[in-house]
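Take a look at the fold before reading on.

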Amino acid sequence: MRALKPTTKPKTKPEAGTMTKTNTAAYAEPMPRPDAPQPDAASHGYPVDLANVTKTYGAPKPSGANTGPAGSVLTPGLRALDDVSLRIEPGEAVALVGPSGSGKSTLLHLIGAMDTADVGSGRIAVGQRDLADLNQRRLAEYRRTVGFVFQRFHLLPALTAADNVIAPVLPYRTNYNKRGRARELLAAVGLGGREGSLPSQLSGGQQQRVAIARALINRPGILLADEPTGALDQATGAEVMDLLLGLRAEYGLTLLLATHDPAVAERCDRSIKLSDGRLIDEHRGEP
Ligand SMILES: Nc1ncnc2c1ncn2[C@@H]1O[C@H](COP(=O)(O)OP(=O)(O)OP(=O)(O)O)[C@@H](O)[C@H]1O
Ligand SMILES: [Mg+2]
């Protein structure tokens, strides 16, 4: 595996709420360098700010109707997140911890704009952008600048490692060579030479590496990972954490991961604990 830089925070950390020169340049450049953030990269170098965010599943419809399809009665709303306020600085590595059902995945889905908070419940902003204000097109652009890694990898079994990495951008025209970037990313996660392997020919740790490479295909500014080591043994999980923290340093990513593993949480800059949808505790790692 290619040696990665030490797992330290990027040295040039932008001040809270400001746009760095680098980012300004990234937005201004018509043709970015192949490894530069894309011009529409709405998540690079920005803090993520949640203010009083609530998410209720199965809430009664605003129309007041309390029956679902075929007259079924809707269950009372389940409050998965309850008035959560949180700020994540660009380049930070933050662990979300808490018991099963406490709202960790829900929080990741909201930040990744895969789901929405309750209408009028608060604000999720990335930089100055309120996600609730983005139209469908802007939201789709934003989603493409956020990488997501799942506990169970979610690779397509019939596709090779390289094709899995390319899959998210297959329908889109890109200003980079997809196959070239896939090869580069697979090398960065230690899988150089395995581009043609099918998921069934790879170990669990290797499959997770492919999934991480796939999450990076669009050079995201934010990498969200839902129990990225949850399906791996302790040693392989530690290797995947080495990789994530190394990639964070190399690409200047903001890393937000949900985990049940204290060893994983300890390696992050900060741990945030959720219980019943509420943020109850925060622990800052030793510098
Ligand atoms: N799509 C959904 N519809 C209804 N309820 C949901 C849905 N997704 C999650 N929930 C509920 O929201 C609450 C929070 O779930 P969430 O998946 O965020 O928890 P979690 O902290 O990620 O748990 P785990 O550690 O088990 O992954 C749970 O009570 C769950 O049952
Ligand atoms: Mg979860």
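Which residue in β8 does Ala225 stand opposite? Ala225 faces Leu257 there. Before going further, some ground rules. This is a predicted model, in which local features need pLDDT of at least 70 and side-chain atom pairs count only at pLDDT 80 or more, while totals for chains, interfaces and linings use all residues. Residues are numbered from 1 along each chain as its sequence is written, and chains are lettered from A and ligands numbered from 1 in the order in which they are written.

The protein has 8 helices and 10 strands. Both kinds of element are DSSP runs numbered from the N terminus, with helices being H or I of at least four residues and strands E of at least two. Of the 287 residues, 41% count as buried. Buried stands for 20 or more other C-beta atoms within 10 Å of a residue's own, exposed for 12 or fewer, and partly exposed for what lies in between, with C-beta atoms placed from the backbone. Of the contacts with a separation of 6 or more, 73% link residues 24 or more positions apart. A contact here puts two C-beta atoms, placed from the backbone, within 7 Å.

Now the sheet. Six strands form an open sheet in the order β6-β7-β8-β3-β9-β10, with mixed pairing. Its edge strands are β6 (146–149) and β10 (278–284), each pairing on one side only. Neighbouring strands are turned by 20° against each other on average, direction ignored. Strands pair if DSSP finds at least two bridges between them. Axes are lines fitted to C-alpha atoms, for helices over the stretch in contact, and angles run from 0 to 180 degrees between N-to-C directions.

Follow β7 (residues 222–226). On one side, β7 pairs with β6 in the parallel sense over 4 bridges. Phe148 stands opposite Leu224, and Val149 has Ala225 as its bridge partner. β7 is also joined to β8 (residues 254–258), in parallel, by 5 bridges. All this leaves β7 well covered: 5 of its 5 residues are buried. In a regular strand, side chains alternate between the two faces of the sheet. On β7, Ile222, Leu224 and Asp226 lie on one side, Leu223 and Ala225 on the other, and all are buried. Helix α6 (residues 204–215) packs on the sheet and touches β6 and β7. The direction of α6 makes about 165° with that of β6.

The largest nonpolar core has 68 residues, among which Val165 and Leu256 touch the most other members. Such a core is a set of buried Ala, Val, Leu, Ile, Met, Phe, Trp, Tyr and Cys residues joined through C-beta atoms within 7 Å. Helix α7 (residues 234–251) gives the most to this core, with 7 residues. Leaving out residues up to four places away in sequence, the contacts of Val165 include Ala182, Leu185, Val210 and Ile217.

One glycine deserves a stop. Gly127 sits in the loop between β4 (123–126) and β5 (129–130). Why does Gly127 count as buried? Because it has 20 C-beta neighbours inside 10 Å. Tyr46 is 81 residues apart from Gly127 along the chain, yet their C-alpha atoms are separated by 4.7 Å. Gly127 touches Tyr46 and Pro47, not counting residues up to four places away in sequence.
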